[in-house]
Amino acid sequence: GFTQEKTEDVADLCLPVVAAPGVKEAMSTSDAPDTNMEEGQSVSSLLRSYLAEEALPDYRCDSCKSVDTSLRRARITRPPEYLMVTLNRFAYTAEGGQQKVEAHVSVNKTLDVPFSVASGSGSCDVSMSSERSDEETSSASYSLYAIVTHAGSTPHSGHYICLGCSSSEAALPSAAWRRFDDATVSALPGDASQDRLDSHANGGATA
């Protein structure tokens, strides 16, 4: 069959967040995230869903013009030196408005990102392809050192706060995390455990 591939540089990876059941029903079908996600969402599970193969029913081929089911998948062909991940928490409703997806997403202090072995390093390249490929892959490991959270219920208002530590200490259990709120900088209370970072990255100030 006909295969089409598009490669592009991206500044960040935008991962859709799955809504709660009541919210998913209110969303339009075209904009609702993939609902085949496990309930315990994490950044790593959202990344797996983003890179998973997707079936496109009733797709019209650009080459032969026939209509059939096509397969689409994304793969990272060049991992970046610094990885930025955006959690897409805003979705369109059936009425045409937007609302925030208040689903709990666990942060990963360490994230392994698969990429094509034949690729080098540099900026992040993402390839969208309709071809099923069995090529060999490797993975790049990233340590979390900054989180930007959004406090607010709509994309048109709210407040942003940054949580961060030194990138050189990110992999250490003793890393000193701080809260950056406009001109106010304060130490993040408690340790930098997985559970504590999850509690600060979710709830009233989610991003």
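A residue counts as buried when its relative accessible area is under 20%, as exposed when that area is over 50%, and as partly exposed in between. With that in hand, welcome to this predicted model.

**Two cysteines without a bond**

- A disulfide is a covalent bond between the sulfur atoms of two cysteines.
- How many disulfides does the structure hold? The count is zero.
- C162 takes part in no disulfide, and the nearest cysteine sulfur, that of C165, lies 10.0 Å away.
- Is C162 buried or partly exposed? C162 has a relative accessible area of 24%, so it falls in the partly exposed class.
- C165 has a relative accessible area of 11%, which means that it is buried.

**One face of helix α3**

- Helix α3 covers residues 194–201, and its buried residues are L197, D198 and A201.
- Looking down the axis of α3, you would find these buried residues within an arc of 105°, so they line one face of the helix.
- What covers them? Part of the cover comes from strand β11 (146–151), which brings us to the sheet.

**A four-stranded sheet**

- Strands of a sheet pair through backbone hydrogen bonds, and the pairing can be parallel or antiparallel.
- Here, four strands form an open sheet in the order β11-β12-β13-β14, and their pairing is antiparallel.
- Which strands stand at the edges? They are β11 and β14 (184–187), and each has a single partner strand, so one side of each has no neighbour in the sheet.
- From one strand to the next, the twist averages 20°.
- Strand β12 (residues 159–164) and strand β13 (residues 178–181) run antiparallel and are joined by three bridges.
- Within this part of the sheet, L163 sits opposite R179 in β13.

- A55 belongs to strand β3, which spans residues 54–60.
- The relative accessibility of A55 is 47%, so A55 counts as partly exposed.
- A55 and L71 are 16 residues apart along the chain, yet their C-alpha atoms are separated by 4.7 Å.
- Which residues does A55 touch, leaving aside those up to four places away in sequence? They are T69, S70 and L71.

Notes:
Residues numbered from 1 in each chain as written. Predicted model: local features only at pLDDT ≥ 70, side-chain atom pairs only at ≥ 80, totals over all residues. Heavy atoms only, no water. Disulfide = S-S within 2.5 Å. Buried < 20%, exposed > 50% of the residue type's maximum accessible area, 1.4 Å probe, protein only. Helix = DSSP H or I, 4+ residues; strand = E, 2+ residues; numbered from the N terminus. Arc of directions from axis to C-beta. Contact = heavy atoms within 4.5 Å. Pairing = 2+ DSSP bridges. Axes fitted to C-alpha atoms, helices over the stretch in contact; angles between N-to-C directions.
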